[in-house]
Amino acid sequence: MNRYAIIVGAGKGERMGSDIPKQFLELNGLPVLMHTMRRFHESVSPRLILVLNVHFHDYWEGLCDQYDFRIPHELIKGGVTRFDSVKKGLKAVKGKGVVAVHDAVRPLASHQLIRNCFETARDKGSAVPAVPSRESLRRGSLDRSESVSRDEYFLVQTPQCFDSTLLRRAYRQEFRNEFTDDASVVERSGQPIQLVEGEFNNIKITYPDDFRIAELLLTDKK
Ligand code: C5P
């Protein structure tokens, strides 16, 4: 099986309140993005395709020199939305195989999770990690809401893995606002989605507090 991983890191990370997007900030001595790429390289060694905003390409290359980061990867220019960025990364996937799409800001996906996603997608066409909600859930607005059964809902993570032909076909669709991840794009193209068990520690670093949690989780693993 040919394996590809598109790491999307072209977002501005505005919710973090820092001039440098969070994927480049240091987490326990190494930029977040390097932790993320290392996880893929050490687990299934895919062809790595890194999608970054063009204004940060030189900056990233400088970081690679500074940290002596030598994991081979292809650097691609990002787009205005995540959907555009994935689409651009997908153009660099030439052959057939399984393609993972992963958020640059999820440095804690375990080797086992990454392997399981690739293997399930090879057998079933897709693999999307998800965890049940630990919180009770309500739908609506602050003023008017109703409780819903949390047993029927999952929180969706990455890496989301797909057969390359299926993913390419899905990304030929026009962009829609509800396309917040790859599963929503693939599903809209008419393909069912196979969920796999995600990990509570596979957090998406979004706010400054997440950074501190990720530091603790990484320290724990050592
Ligand atoms: O914005 P959101 O938190 O959903 O971003 C998820 C991932 O998609 C992040 O890793 C971010 O860098 C990436 N992204 C991207 N191109 C964009 C917007 C987001 O690669 N235009």
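# A tour outward from the ligand

Begin by selecting the ligand together with strand E1 (3–9) and helix H3 (82–90), each of which supplies at least two residues of the shell around the ligand. Keep in mind as you go that this is a predicted model.

Next, show the residues around the ligand, of which there are 15, and pick out Val 8, Ala 10, Gly 11, Gly 79 and Ser 85, the ones that come nearest. If you colour the shell by class, you will find five nonpolar, six polar and four charged residues.

At Val 8, a polar backbone atom is 2.7 Å from an oxygen atom of the ligand. At Gly 79, a polar backbone atom is 2.9 Å from a nitrogen atom of the ligand, and at Val 80 a backbone N or O atom lies 3.1 Å from a nitrogen atom of the ligand. Taken on its own, the ligand has 460 Å² of accessible area, and the protein covers 82% of it.

How many of the twelve residues of H1 are buried? Nine of them are, so that the helix is mostly covered; among these buried residues are Val 32, His 35, Arg 39 and Phe 40. Just after H1, click on Ser 45, where phi takes a positive value of about 45°.

Most residues other than glycine have a negative phi, and most peptide bonds are trans. Select Asn 28, in the loop between strand E2 (26–27) and strand E3 (30–31), and note that its phi is near 45°, a positive value in a residue other than glycine. Asn 28 counts as partly exposed, because its relative accessibility is 30%. Then move to Asp 68, in the loop between helix H2 (57–66) and strand E5 (74–77), which has a positive phi of about 50° although it is not a glycine. Is Asp 68 buried or exposed? With a relative accessible area of 52%, Asp 68 is exposed, since the cut-off for that word is over 50%.

The bond that joins Thr 158 and Pro 159 is cis, with omega about 10°.

Return now to helix H2 and select His 57, which is found there. His 57 counts as buried because its relative accessibility is 12%, and its side chain reaches the backbone oxygen of Leu 52 at 2.9 Å. If you leave aside the neighbours within four places in sequence, you can show the contacts of His 57 with Leu 52, Leu 75, Ile 76 and Lys 77.

Finish at Leu 216, in helix H7 (residues 208–221), which counts as exposed because its relative accessibility is 60%. Select Leu 27 as well and draw the C-alpha to C-alpha distance: Leu 216 and Leu 27 are 189 residues apart in sequence, and 9.9 Å apart in space.

Methods:
Residues numbered from 1 in each chain as written. Predicted model: local features only at pLDDT ≥ 70, side-chain atom pairs only at ≥ 80, totals over all residues. Heavy atoms only, no water. Helix = DSSP H or I, 4+ residues; strand = E, 2+ residues; numbered from the N terminus. Buried < 20%, exposed > 50% of the residue type's maximum accessible area, 1.4 Å probe, protein only. Near = heavy atom within 4 Å. Polar contact = N/O pair within 3.5 Å; in protein donor to acceptor, adjacent residues only side chain to side chain. Areas by Shrake-Rupley, 256 points an atom, 1.4 Å probe, with all protein chains shown as cover. Nonpolar A, V, L, I, M, F, W, Y, C, P; charged D, E, K, R; others polar. Contact = heavy atoms within 4.5 Å.
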